[in-house]
Amino acid sequence: MGSNGETQWNTSEIPAEEPDRQLYFVKKAAGIVKRENDRLGRMQTAAVITFGCQMNARDSEKLSGILRDIGYQPVESEHADFVIYNTCTVRDNANQRLYGRLGVAHAEKKKNPRMKIALCGCMMQEPSAVEKIKKSYGFVDIIFGTHNIFKLAELIVNSYEQQGMIIDLWDNTDKIVENLPVERKYPFKSGVNIMFGCDNFCSYCIVPYVRGRERSRRPSDILLEIERLVADGVKEVMLLGQNVNSYGKKPDYGMTFAGLLREVEKIEGLKRIRFMTSHPKDLSDELIAVMKQSDKICRHLHLPLQSGSSRLLKLMNRRYDKEQYLALALKLRREIPDISITTDIIVGFPGETEEDFQDTLDVVRRVQFDNAFTFIYSKRTGTPAAAMEDQVPEDVVHERFDRLLKLVQDTARSRAALMTGTVQEVLAEGMNEQDASLVTGRMSNNCLVHFPGTPDMIGGLYRILLSECRGFYYIGRLYDQEAEKHE
Ligand code: 5AD
Ligand code: SF4
(Lines give C-alpha, C1' and ligand atoms only; values in the text may rest on other atoms or scores of the structure.)
(Ligands and ions follow the chains in the order given, each with its own letter.)
Protein backbone atom coordinates (compact mmCIF):
# COMPACT_ATOMS: atom_id res chain seq x y z
CA MET A 1 0.00 0.00 0.00
CA GLY A 2 1.32 3.44 -0.81
CA SER A 3 1.13 6.57 1.25
CA ASN A 4 -2.62 6.69 0.73
CA GLY A 5 -2.99 3.02 1.75
CA GLU A 6 -5.02 3.81 4.79
CA THR A 7 -7.50 5.94 2.84
CA GLN A 8 -7.99 3.13 0.35
CA TRP A 9 -8.58 0.65 3.12
CA ASN A 10 -11.18 2.98 4.66
CA THR A 11 -12.98 3.49 1.39
CA SER A 12 -13.27 -0.19 0.61
CA GLU A 13 -14.89 -0.66 4.01
CA ILE A 14 -17.79 1.61 3.03
CA PRO A 15 -20.76 -0.42 1.75
CA ALA A 16 -21.76 0.55 -1.80
CA GLU A 17 -25.46 -0.28 -1.46
CA GLU A 18 -28.17 1.51 0.50
CA PRO A 19 -29.33 1.42 3.22
CA ASP A 20 -26.13 -0.30 4.43
CA ARG A 21 -23.99 2.62 3.32
CA GLN A 22 -25.97 5.09 5.42
CA LEU A 23 -26.08 2.76 8.41
CA TYR A 24 -22.27 2.71 8.20
CA PHE A 25 -22.18 6.53 8.19
CA VAL A 26 -24.66 6.71 11.08
CA LYS A 27 -22.16 4.71 13.16
CA LYS A 28 -19.28 6.85 12.01
CA ALA A 29 -21.15 10.08 12.80
CA ALA A 30 -22.12 8.61 16.19
CA GLY A 31 -18.41 8.28 16.95
CA ILE A 32 -17.82 11.92 16.05
CA VAL A 33 -20.76 13.10 18.17
CA LYS A 34 -19.59 11.01 21.09
CA ARG A 35 -16.14 12.61 20.91
CA GLU A 36 -17.78 16.05 20.93
CA ASN A 37 -19.90 15.04 23.95
CA ASP A 38 -16.79 13.89 25.82
CA ARG A 39 -14.88 17.01 24.91
CA LEU A 40 -17.65 19.36 26.02
CA GLY A 41 -18.95 17.29 28.90
CA ARG A 42 -22.52 17.52 27.62
CA MET A 43 -24.83 15.93 25.05
CA GLN A 44 -24.80 17.33 21.52
CA THR A 45 -28.26 18.60 20.56
CA ALA A 46 -30.01 18.79 17.19
CA ALA A 47 -33.12 20.58 15.89
CA VAL A 48 -35.09 19.72 12.76
CA ILE A 49 -37.06 22.76 11.61
CA THR A 50 -39.70 22.00 8.99
CA PHE A 51 -41.49 24.22 6.48
CA GLY A 52 -44.29 23.23 4.15
CA CYS A 53 -46.49 20.23 3.53
CA GLN A 54 -47.07 16.78 4.99
CA MET A 55 -44.46 15.32 2.64
CA ASN A 56 -41.85 17.52 4.25
CA ALA A 57 -43.17 16.65 7.71
CA ARG A 58 -42.65 12.97 6.88
CA ASP A 59 -39.18 13.64 5.46
CA SER A 60 -38.33 15.42 8.70
CA GLU A 61 -39.29 12.33 10.68
CA LYS A 62 -36.69 10.46 8.62
CA LEU A 63 -34.09 13.17 9.30
CA SER A 64 -34.96 13.01 13.02
CA GLY A 65 -34.59 9.20 12.97
CA ILE A 66 -31.09 9.48 11.52
CA LEU A 67 -30.10 12.20 14.02
CA ARG A 68 -31.48 10.13 16.92
CA ASP A 69 -29.43 7.11 15.83
CA ILE A 70 -26.34 9.29 15.54
CA GLY A 71 -26.89 10.18 19.19
CA TYR A 72 -28.07 13.78 19.11
CA GLN A 73 -30.51 14.89 21.75
CA PRO A 74 -33.57 16.42 20.05
CA VAL A 75 -34.42 20.08 20.75
CA GLU A 76 -36.91 22.45 19.16
CA SER A 77 -35.06 25.71 18.57
CA GLU A 78 -31.91 27.01 16.89
CA HIS A 79 -30.15 26.92 20.27
CA ALA A 80 -28.57 23.59 19.26
CA ASP A 81 -25.29 22.03 18.09
CA PHE A 82 -26.84 20.90 14.81
CA VAL A 83 -29.75 22.62 13.07
CA ILE A 84 -31.34 21.40 9.88
CA TYR A 85 -33.99 23.31 7.95
CA ASN A 86 -36.21 21.18 5.72
CA THR A 87 -37.32 23.90 3.30
CA CYS A 88 -40.38 24.61 1.14
CA THR A 89 -40.61 26.77 -1.96
CA VAL A 90 -44.19 26.35 -3.14
CA ARG A 91 -44.83 30.05 -2.52
CA ASP A 92 -42.32 32.85 -2.05
CA ASN A 93 -43.32 33.53 1.57
CA ALA A 94 -41.86 30.11 2.52
CA ASN A 95 -38.51 31.20 1.08
CA GLN A 96 -38.64 34.51 2.95
CA ARG A 97 -39.37 32.74 6.23
CA LEU A 98 -36.29 30.58 5.76
CA TYR A 99 -34.05 33.61 5.30
CA GLY A 100 -35.48 35.04 8.55
CA ARG A 101 -34.73 31.83 10.45
CA LEU A 102 -31.21 31.67 9.02
CA GLY A 103 -30.56 35.01 10.70
CA VAL A 104 -31.48 33.42 14.05
CA ALA A 105 -29.21 30.43 13.35
CA HIS A 106 -26.32 32.74 12.41
CA ALA A 107 -26.60 34.55 15.76
CA GLU A 108 -26.44 31.18 17.55
CA LYS A 109 -23.43 30.12 15.52
CA LYS A 110 -21.55 33.25 16.53
CA LYS A 111 -21.97 32.10 20.15
CA ASN A 112 -21.17 28.45 19.36
CA PRO A 113 -18.75 28.36 16.38
CA ARG A 114 -18.70 24.54 16.24
CA MET A 115 -22.45 24.54 15.56
CA LYS A 116 -23.40 23.03 12.20
CA ILE A 117 -26.22 24.34 10.00
CA ALA A 118 -27.75 22.22 7.23
CA LEU A 119 -30.37 22.99 4.60
CA CYS A 120 -32.35 20.44 2.60
CA GLY A 121 -35.71 20.08 0.87
CA CYS A 122 -37.54 21.74 -1.99
CA MET A 123 -35.97 25.20 -1.94
CA MET A 124 -32.49 23.69 -2.30
CA GLN A 125 -33.52 22.20 -5.66
CA GLU A 126 -33.70 25.75 -7.02
CA PRO A 127 -30.30 26.85 -8.34
CA SER A 128 -31.05 30.54 -7.74
CA ALA A 129 -31.76 29.93 -4.03
CA VAL A 130 -28.55 27.93 -3.63
CA GLU A 131 -26.55 30.70 -5.34
CA LYS A 132 -28.00 33.22 -2.89
CA ILE A 133 -27.11 31.04 0.09
CA LYS A 134 -23.56 30.49 -1.17
CA LYS A 135 -23.14 34.22 -1.66
CA SER A 136 -24.86 35.69 1.39
CA TYR A 137 -25.16 32.86 3.93
CA GLY A 138 -21.65 31.41 3.85
CA PHE A 139 -21.99 30.14 7.43
CA VAL A 140 -24.20 27.26 6.22
CA ASP A 141 -22.31 23.93 6.42
CA ILE A 142 -24.38 21.44 4.42
CA ILE A 143 -26.82 21.78 1.50
CA PHE A 144 -28.70 18.86 -0.02
CA GLY A 145 -32.03 18.40 -1.77
CA THR A 146 -35.20 16.36 -1.96
CA HIS A 147 -33.75 13.33 -3.76
CA ASN A 148 -31.02 12.49 -1.27
CA ILE A 149 -32.39 13.23 2.20
CA PHE A 150 -31.40 9.67 3.12
CA LYS A 151 -27.73 10.81 2.91
CA LEU A 152 -27.81 13.03 6.01
CA ALA A 153 -25.40 10.88 8.05
CA GLU A 154 -22.87 10.69 5.21
CA LEU A 155 -22.99 14.45 4.71
CA ILE A 156 -22.49 15.10 8.42
CA VAL A 157 -19.38 12.92 8.35
CA ASN A 158 -18.16 14.72 5.21
CA SER A 159 -18.62 18.09 6.84
CA TYR A 160 -16.42 17.03 9.78
CA GLU A 161 -13.77 15.67 7.41
CA GLN A 162 -13.68 18.43 4.77
CA GLN A 163 -13.34 22.19 4.77
CA GLY A 164 -16.05 24.50 3.46
CA MET A 165 -19.70 24.14 2.53
CA ILE A 166 -20.76 20.61 1.54
CA ILE A 167 -23.19 20.75 -1.38
CA ASP A 168 -24.81 17.58 -2.70
CA LEU A 169 -27.70 18.22 -5.09
CA TRP A 170 -29.26 15.73 -7.49
CA ASP A 171 -31.43 16.77 -10.43
CA ASN A 172 -33.62 13.72 -10.27
CA THR A 173 -33.62 10.13 -9.09
CA ASP A 174 -35.40 6.88 -9.66
CA LYS A 175 -33.98 5.55 -6.41
CA ILE A 176 -36.18 4.92 -3.37
CA VAL A 177 -34.15 3.93 -0.32
CA GLU A 178 -36.13 1.70 2.04
CA ASN A 179 -35.56 0.76 5.66
CA LEU A 180 -33.82 3.82 7.04
CA PRO A 181 -34.35 4.94 10.64
CA VAL A 182 -37.35 7.15 11.32
CA GLU A 183 -38.58 8.96 14.42
CA ARG A 184 -42.36 9.44 14.54
CA LYS A 185 -43.81 12.63 15.97
CA TYR A 186 -46.96 10.83 17.16
CA PRO A 187 -46.99 7.26 18.50
CA PHE A 188 -50.55 6.61 17.28
CA LYS A 189 -50.55 8.04 13.75
CA SER A 190 -48.09 8.25 10.91
CA GLY A 191 -47.65 9.47 7.37
CA VAL A 192 -46.60 6.83 4.83
CA ASN A 193 -45.14 7.84 1.47
CA ILE A 194 -46.71 5.83 -1.31
CA MET A 195 -45.16 7.82 -4.15
CA PHE A 196 -42.74 10.66 -4.76
CA GLY A 197 -42.57 13.48 -7.30
CA CYS A 198 -45.18 14.86 -9.66
CA ASP A 199 -45.62 14.71 -13.44
CA ASN A 200 -48.59 17.03 -13.74
CA PHE A 201 -46.83 20.32 -14.40
CA CYS A 202 -49.67 22.60 -13.39
CA SER A 203 -48.46 25.84 -14.93
CA TYR A 204 -48.10 27.79 -11.63
CA CYS A 205 -46.44 25.03 -9.66
CA ILE A 206 -42.77 24.46 -8.89
CA VAL A 207 -43.23 21.03 -7.29
CA PRO A 208 -42.50 18.93 -10.43
CA TYR A 209 -39.20 20.80 -10.80
CA VAL A 210 -38.07 20.40 -7.22
CA ARG A 211 -39.52 16.98 -6.39
CA GLY A 212 -38.73 15.32 -9.71
CA ARG A 213 -40.58 12.73 -11.75
CA GLU A 214 -43.41 10.69 -10.34
CA ARG A 215 -42.41 7.29 -8.95
CA SER A 216 -44.47 4.92 -6.81
CA ARG A 217 -43.21 2.71 -4.05
CA ARG A 218 -43.65 -1.03 -4.40
CA PRO A 219 -46.99 -2.16 -2.84
CA SER A 220 -45.21 -4.83 -0.74
CA ASP A 221 -42.86 -2.18 0.76
CA ILE A 222 -45.80 0.06 1.64
CA LEU A 223 -47.81 -2.75 3.21
CA LEU A 224 -44.81 -3.98 5.20
CA GLU A 225 -44.15 -0.47 6.51
CA ILE A 226 -47.78 -0.10 7.62
CA GLU A 227 -47.80 -3.55 9.25
CA ARG A 228 -44.71 -2.59 11.23
CA LEU A 229 -46.25 0.75 12.21
CA VAL A 230 -49.41 -0.98 13.43
CA ALA A 231 -47.34 -3.48 15.43
CA ASP A 232 -45.72 -0.41 16.99
CA GLY A 233 -49.06 1.10 18.08
CA VAL A 234 -50.13 3.16 15.07
CA LYS A 235 -53.91 3.35 14.58
CA GLU A 236 -54.11 5.83 11.71
CA VAL A 237 -52.03 6.19 8.57
CA MET A 238 -51.99 9.02 6.06
CA LEU A 239 -50.93 7.77 2.63
CA LEU A 240 -48.89 10.56 1.06
CA GLY A 241 -48.27 11.56 -2.53
CA GLN A 242 -48.61 14.68 -4.69
CA ASN A 243 -51.25 12.87 -6.71
CA VAL A 244 -52.22 9.62 -4.99
CA ASN A 245 -54.83 8.83 -7.64
CA SER A 246 -52.11 8.02 -10.14
CA TYR A 247 -50.42 5.60 -7.73
CA GLY A 248 -48.93 2.49 -9.35
CA LYS A 249 -48.54 3.85 -12.87
CA LYS A 250 -44.83 4.63 -12.74
CA PRO A 251 -43.45 2.03 -12.46
CA ASP A 252 -46.44 -0.15 -13.31
CA TYR A 253 -46.99 -2.50 -10.41
CA GLY A 254 -50.35 -3.68 -11.73
CA MET A 255 -52.07 -2.04 -8.80
CA THR A 256 -54.25 1.07 -8.77
CA PHE A 257 -54.61 3.41 -5.80
CA ALA A 258 -58.03 1.91 -5.08
CA GLY A 259 -56.42 -1.55 -5.19
CA LEU A 260 -53.73 -0.43 -2.76
CA LEU A 261 -56.39 0.93 -0.39
CA ARG A 262 -58.16 -2.45 -0.45
CA GLU A 263 -54.91 -4.11 0.64
CA VAL A 264 -54.18 -1.53 3.34
CA GLU A 265 -57.71 -1.98 4.68
CA LYS A 266 -56.99 -5.68 5.31
CA ILE A 267 -54.22 -4.90 7.80
CA GLU A 268 -55.50 -6.06 11.15
CA GLY A 269 -55.26 -3.56 13.98
CA LEU A 270 -55.18 -0.55 11.67
CA LYS A 271 -58.22 1.62 12.46
CA ARG A 272 -58.09 4.58 10.11
CA ILE A 273 -56.76 5.35 6.65
CA ARG A 274 -56.35 8.85 5.25
CA PHE A 275 -54.66 9.99 2.08
CA MET A 276 -53.62 13.15 0.30
CA THR A 277 -53.58 14.69 -2.25
CA SER A 278 -56.14 13.68 -4.87
CA HIS A 279 -56.06 15.28 -8.30
CA PRO A 280 -59.63 15.62 -9.63
CA LYS A 281 -58.63 14.49 -13.11
CA ASP A 282 -57.59 11.04 -11.87
CA LEU A 283 -60.24 10.32 -9.24
CA SER A 284 -61.83 7.04 -10.33
CA ASP A 285 -65.26 5.50 -9.70
CA GLU A 286 -63.34 2.53 -8.35
CA LEU A 287 -61.89 4.79 -5.63
CA ILE A 288 -65.33 6.15 -4.73
CA ALA A 289 -66.66 2.57 -4.50
CA VAL A 290 -63.78 1.49 -2.25
CA MET A 291 -64.27 4.51 0.03
CA LYS A 292 -67.99 3.90 0.21
CA GLN A 293 -67.60 0.28 1.32
CA SER A 294 -64.73 0.87 3.70
CA ASP A 295 -64.93 0.98 7.48
CA LYS A 296 -61.42 2.34 7.82
CA ILE A 297 -61.02 4.97 5.10
CA CYS A 298 -61.83 8.32 6.66
CA ARG A 299 -64.76 10.36 5.43
CA HIS A 300 -62.56 13.10 4.06
CA LEU A 301 -61.28 13.96 0.63
CA HIS A 302 -58.91 16.80 -0.14
CA LEU A 303 -59.67 17.71 -3.72
CA PRO A 304 -57.82 20.84 -4.89
CA LEU A 305 -59.98 23.05 -7.11
CA GLN A 306 -57.40 25.85 -7.75
CA SER A 307 -59.93 27.87 -9.74
CA GLY A 308 -63.59 27.62 -10.71
CA SER A 309 -63.02 29.18 -14.12
CA SER A 310 -62.73 26.71 -17.00
CA ARG A 311 -60.67 29.27 -18.90
CA LEU A 312 -58.13 29.58 -16.08
CA LEU A 313 -58.13 25.84 -15.38
CA LYS A 314 -56.99 25.37 -18.97
CA LEU A 315 -54.23 27.93 -18.56
CA MET A 316 -53.29 26.23 -15.29
CA ASN A 317 -52.98 22.90 -17.16
CA ARG A 318 -55.29 21.21 -14.67
CA ARG A 319 -57.00 19.01 -17.27
CA TYR A 320 -60.56 19.34 -15.94
CA ASP A 321 -63.09 22.15 -16.27
CA LYS A 322 -65.61 23.74 -13.94
CA GLU A 323 -68.42 21.38 -14.93
CA GLN A 324 -66.29 18.27 -14.51
CA TYR A 325 -65.15 19.38 -11.07
CA LEU A 326 -68.70 20.15 -9.99
CA ALA A 327 -69.99 16.83 -11.32
CA LEU A 328 -67.26 14.96 -9.43
CA ALA A 329 -67.79 16.80 -6.14
CA LEU A 330 -71.56 16.39 -6.32
CA LYS A 331 -71.18 12.68 -7.15
CA LEU A 332 -68.99 12.29 -4.07
CA ARG A 333 -71.59 14.03 -1.90
CA ARG A 334 -74.32 11.79 -3.34
CA GLU A 335 -72.42 8.52 -3.01
CA ILE A 336 -70.88 9.21 0.42
CA PRO A 337 -73.22 11.69 2.13
CA ASP A 338 -71.14 12.08 5.30
CA ILE A 339 -67.92 12.89 3.39
CA SER A 340 -66.13 16.13 4.07
CA ILE A 341 -64.60 17.75 0.99
CA THR A 342 -61.77 20.22 1.41
CA THR A 343 -59.85 22.08 -1.23
CA ASP A 344 -57.06 24.45 -2.27
CA ILE A 345 -57.83 27.63 -4.21
CA ILE A 346 -55.43 30.11 -5.79
CA VAL A 347 -56.47 33.75 -6.16
CA GLY A 348 -54.81 36.06 -8.67
CA PHE A 349 -53.48 33.63 -11.27
CA PRO A 350 -52.25 35.70 -14.27
CA GLY A 351 -55.13 37.13 -16.27
CA GLU A 352 -57.79 36.31 -13.65
CA THR A 353 -60.81 38.55 -14.32
CA GLU A 354 -63.74 39.33 -12.04
CA GLU A 355 -65.77 36.89 -14.13
CA ASP A 356 -63.20 34.11 -13.59
CA PHE A 357 -63.26 34.87 -9.88
CA GLN A 358 -67.08 34.72 -9.82
CA ASP A 359 -66.80 31.19 -11.23
CA THR A 360 -64.60 30.27 -8.28
CA LEU A 361 -67.13 31.71 -5.82
CA ASP A 362 -69.88 29.84 -7.66
CA VAL A 363 -68.11 26.48 -7.22
CA VAL A 364 -67.50 27.23 -3.52
CA ARG A 365 -71.22 27.95 -3.06
CA ARG A 366 -72.32 24.87 -4.94
CA VAL A 367 -69.89 22.32 -3.50
CA GLN A 368 -70.11 23.76 0.05
CA PHE A 369 -66.54 22.88 0.95
CA ASP A 370 -65.99 21.77 4.53
CA ASN A 371 -62.75 23.70 4.52
CA ALA A 372 -60.58 25.44 1.96
CA PHE A 373 -56.99 26.60 1.94
CA THR A 374 -56.84 29.82 0.00
CA PHE A 375 -53.58 31.09 -1.49
CA ILE A 376 -52.51 34.25 -3.19
CA TYR A 377 -50.82 33.36 -6.47
CA SER A 378 -47.05 33.44 -6.11
CA LYS A 379 -44.88 33.73 -9.19
CA ARG A 380 -42.36 30.87 -9.27
CA THR A 381 -39.38 31.37 -11.54
CA GLY A 382 -39.13 28.70 -14.20
CA THR A 383 -42.82 27.77 -14.28
CA PRO A 384 -44.86 28.54 -17.43
CA ALA A 385 -47.18 30.89 -15.50
CA ALA A 386 -44.26 33.11 -14.48
CA ALA A 387 -43.86 34.10 -18.13
CA MET A 388 -47.58 34.89 -18.58
CA GLU A 389 -48.50 38.48 -19.05
CA ASP A 390 -51.32 40.15 -17.20
CA GLN A 391 -50.20 39.57 -13.62
CA VAL A 392 -53.16 40.78 -11.51
CA PRO A 393 -52.53 43.98 -9.48
CA GLU A 394 -51.89 43.35 -5.81
CA ASP A 395 -54.83 45.39 -4.47
CA VAL A 396 -57.27 43.53 -6.73
CA VAL A 397 -55.88 40.17 -5.58
CA HIS A 398 -56.16 41.12 -1.91
CA GLU A 399 -59.70 42.33 -2.27
CA ARG A 400 -60.71 39.08 -4.02
CA PHE A 401 -58.83 37.02 -1.46
CA ASP A 402 -60.81 38.65 1.39
CA ARG A 403 -64.12 38.02 -0.36
CA LEU A 404 -63.21 34.37 -0.99
CA LEU A 405 -62.00 33.83 2.57
CA LYS A 406 -65.27 35.18 3.98
CA LEU A 407 -67.36 32.88 1.78
CA VAL A 408 -65.18 29.86 2.53
CA GLN A 409 -65.38 30.50 6.27
CA ASP A 410 -69.15 30.99 6.25
CA THR A 411 -69.57 27.79 4.25
CA ALA A 412 -67.21 25.82 6.50
CA ARG A 413 -69.04 27.04 9.61
CA SER A 414 -72.43 26.01 8.33
CA ARG A 415 -71.13 22.61 7.21
CA ALA A 416 -69.48 21.96 10.58
CA ALA A 417 -72.64 22.79 12.53
CA LEU A 418 -74.58 20.03 10.75
CA MET A 419 -73.17 17.35 13.04
CA THR A 420 -74.20 18.95 16.34
CA GLY A 421 -75.95 16.42 18.57
CA THR A 422 -74.57 13.35 16.79
CA VAL A 423 -72.17 10.77 18.23
CA GLN A 424 -68.88 10.38 16.35
CA GLU A 425 -65.78 8.29 16.70
CA VAL A 426 -62.83 10.49 17.70
CA LEU A 427 -59.13 9.66 17.85
CA ALA A 428 -57.65 11.43 20.90
CA GLU A 429 -54.52 13.20 19.66
CA GLY A 430 -53.30 15.39 22.53
CA MET A 431 -54.18 17.63 25.44
CA ASN A 432 -55.80 20.96 24.67
CA GLU A 433 -53.18 23.70 24.78
CA GLN A 434 -55.43 26.28 26.45
CA ASP A 435 -57.38 24.05 28.83
CA ALA A 436 -55.52 21.11 30.39
CA SER A 437 -58.78 19.38 31.36
CA LEU A 438 -59.68 18.83 27.70
CA VAL A 439 -58.44 16.24 25.24
CA THR A 440 -58.25 17.24 21.57
CA GLY A 441 -59.12 14.70 18.94
CA ARG A 442 -60.16 14.31 15.35
CA MET A 443 -63.27 12.87 13.78
CA SER A 444 -63.14 10.71 10.68
CA ASN A 445 -63.99 13.79 8.60
CA ASN A 446 -60.93 15.56 10.04
CA CYS A 447 -62.89 18.01 12.21
CA LEU A 448 -61.42 18.79 15.65
CA VAL A 449 -63.27 17.95 18.87
CA HIS A 450 -62.35 18.94 22.42
CA PHE A 451 -63.74 16.88 25.30
CA PRO A 452 -63.04 16.39 29.02
CA GLY A 453 -60.38 13.75 29.51
CA THR A 454 -56.94 12.81 30.76
CA PRO A 455 -53.51 12.33 29.10
CA ASP A 456 -53.75 8.52 29.32
CA MET A 457 -56.57 8.70 26.76
CA ILE A 458 -54.24 9.99 24.01
CA GLY A 459 -54.03 7.52 21.14
CA GLY A 460 -57.42 5.91 21.92
CA LEU A 461 -60.62 6.00 19.87
CA TYR A 462 -63.72 7.20 21.70
CA ARG A 463 -67.38 7.71 20.94
CA ILE A 464 -68.07 11.38 21.58
CA LEU A 465 -71.35 13.23 21.71
CA LEU A 466 -70.86 16.52 19.84
CA SER A 467 -72.69 18.84 22.21
CA GLU A 468 -71.69 22.22 20.85
CA CYS A 469 -70.25 23.51 17.59
CA ARG A 470 -67.93 26.51 17.98
CA GLY A 471 -67.31 27.66 14.46
CA PHE A 472 -64.92 25.13 13.00
CA TYR A 473 -64.57 22.75 15.94
CA TYR A 474 -66.71 20.95 18.51
CA ILE A 475 -66.97 20.66 22.25
CA GLY A 476 -68.14 17.16 23.15
CA ARG A 477 -68.26 14.58 25.88
CA LEU A 478 -67.64 10.89 26.21
CA TYR A 479 -70.82 9.17 25.06
CA ASP A 480 -70.08 5.67 26.30
CA GLN A 481 -67.07 3.48 26.96
CA GLU A 482 -64.04 3.46 24.68
CA ALA A 483 -65.05 2.73 21.10
CA GLU A 484 -62.46 0.01 20.80
CA LYS A 485 -60.98 -2.33 23.29
CA HIS A 486 -57.21 -2.17 23.58
CA GLU A 487 -55.71 -5.62 23.18
N1 5AD B 1 -48.92 30.21 -5.91
C2 5AD B 1 -49.90 30.04 -5.01
N3 5AD B 1 -50.32 28.85 -4.59
C4 5AD B 1 -49.71 27.75 -5.10
N5 5AD B 1 -49.90 26.45 -4.88
C6 5AD B 1 -49.02 25.75 -5.63
N7 5AD B 1 -48.26 26.60 -6.35
C8 5AD B 1 -48.68 27.86 -6.04
C9 5AD B 1 -48.29 29.15 -6.45
N10 5AD B 1 -47.33 29.32 -7.35
C11 5AD B 1 -50.94 25.92 -3.99
C12 5AD B 1 -51.92 25.03 -4.73
C13 5AD B 1 -51.58 23.66 -4.21
C14 5AD B 1 -51.10 23.96 -2.81
C15 5AD B 1 -50.30 22.90 -2.18
O16 5AD B 1 -50.34 25.13 -2.97
O17 5AD B 1 -53.22 25.40 -4.36
O18 5AD B 1 -52.68 22.78 -4.22
FE1 SF4 C 1 -48.14 21.07 -8.23
FE2 SF4 C 1 -50.13 20.32 -9.83
FE3 SF4 C 1 -48.28 18.51 -9.05
FE4 SF4 C 1 -50.06 19.46 -7.28
S5 SF4 C 1 -50.55 18.24 -9.11
S6 SF4 C 1 -47.84 19.23 -6.96
S7 SF4 C 1 -50.34 21.57 -7.96
S8 SF4 C 1 -47.96 20.31 -10.34
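Okay, let's start with helix α2, residues 20–40: it has 21 residues and reaches 30 Å from its first C-alpha to its last, close to the 30 Å expected at 1.5 Å a residue. That expected span is 1.5 Å times one less than the number of residues. When I say helix, I mean a DSSP run of H or I with at least four residues, a strand is a run of E with at least two, and both are numbered from the N terminus.

Before going on, some housekeeping. This is a predicted model, where local features need pLDDT of at least 70 and side-chain atom pairs count only at pLDDT 80 or more, while totals for chains, interfaces and linings use all residues. Residues are numbered from 1 along each chain as its sequence is written, chains are lettered from A and ligands numbered from 1 in the order in which they are written, and side-chain values use heavy atoms, with hydrogens and water left out.

Back to α2. Which of its residues are buried? The α2 list is Q22, Y24, F25, V26, A29, I32, V33, E36 and N37. Buried here is under 20% relative accessible area, exposed is over 50%, and partly exposed is in between, using a 1.4 Å probe and protein chains only. Now look at both ends of this helix. Just after α2 comes G41, with a positive phi of about 70°.

There's another cis bond to find, between M276 and T277, with omega about 10°. T277 belongs to the loop between β11 (272–276) and α10 (285–293).

Next, the sheet. Three strands make an open sheet in the order β12-β13-β14, with parallel pairing. At its edges are β12 (300–302) and β14 (371–376), each pairing on one side only. On average, neighbouring strands of this sheet are turned by 15° against each other, direction ignored. Pairing means that DSSP finds at least two bridges between two strands; β13 (residues 340–347) and β14 have six, in the parallel sense. If you want one bridge to click on, D344 has F373 in β14 as its partner.

Packed on that sheet is helix α14, residues 394–417, which touches β13 and β14, and its direction makes about 175° with that of β14. Contact is heavy atoms within 4.5 Å. For the angles, axes are lines fitted to C-alpha atoms, for helices over the stretch in contact, and the values run from 0 to 180 degrees between N-to-C directions. α14 has 24 residues and spans 34 Å from first C-alpha to last, close to the 34 Å expected. Its buried residues include V397, F401, L404 and L407, and also R400 and R415.

β15 (residues 423–431) pairs with β18 (residues 461–470) over five bridges, in the antiparallel sense, and E425 has R463 in β18 as its bridge partner. β15 also pairs in the antiparallel sense with β16 (residues 438–443), again over five bridges. There, G430 is bridged to T440. β15 and β16 form a hairpin, with six residues between them.

Stay with β18 for a second, and find L466 in it. Is L466 buried or exposed? L466 counts as buried because its relative accessibility is 0%. Leaving out residues up to four places away in sequence, L466 touches M419, T420, G421, T422, Q424, M443, V449, Y474, I475 and G476. Its C-alpha is 9.0 Å from that of F451, which is 15 residues away along the chain.

R319 is partly exposed, at 47% relative accessible area. Q368, also not a glycine, has a positive phi near 55°, in the loop between α13 (354–367) and β14. Q368 is partly exposed too, at 30%.

Last stop: ligand 2. Which residues are around it? They are C198, N200, F201, C202, Y204, C205, V207, P208, Q242, H279 and R318, where a residue is near if one of its heavy atoms lies within 4 Å. This shell divides into seven nonpolar, three polar and one charged. Nonpolar covers Ala, Val, Leu, Ile, Met, Phe, Trp, Tyr, Cys and Pro, charged covers Asp, Glu, Lys and Arg, and the others, Gly among them, are polar.
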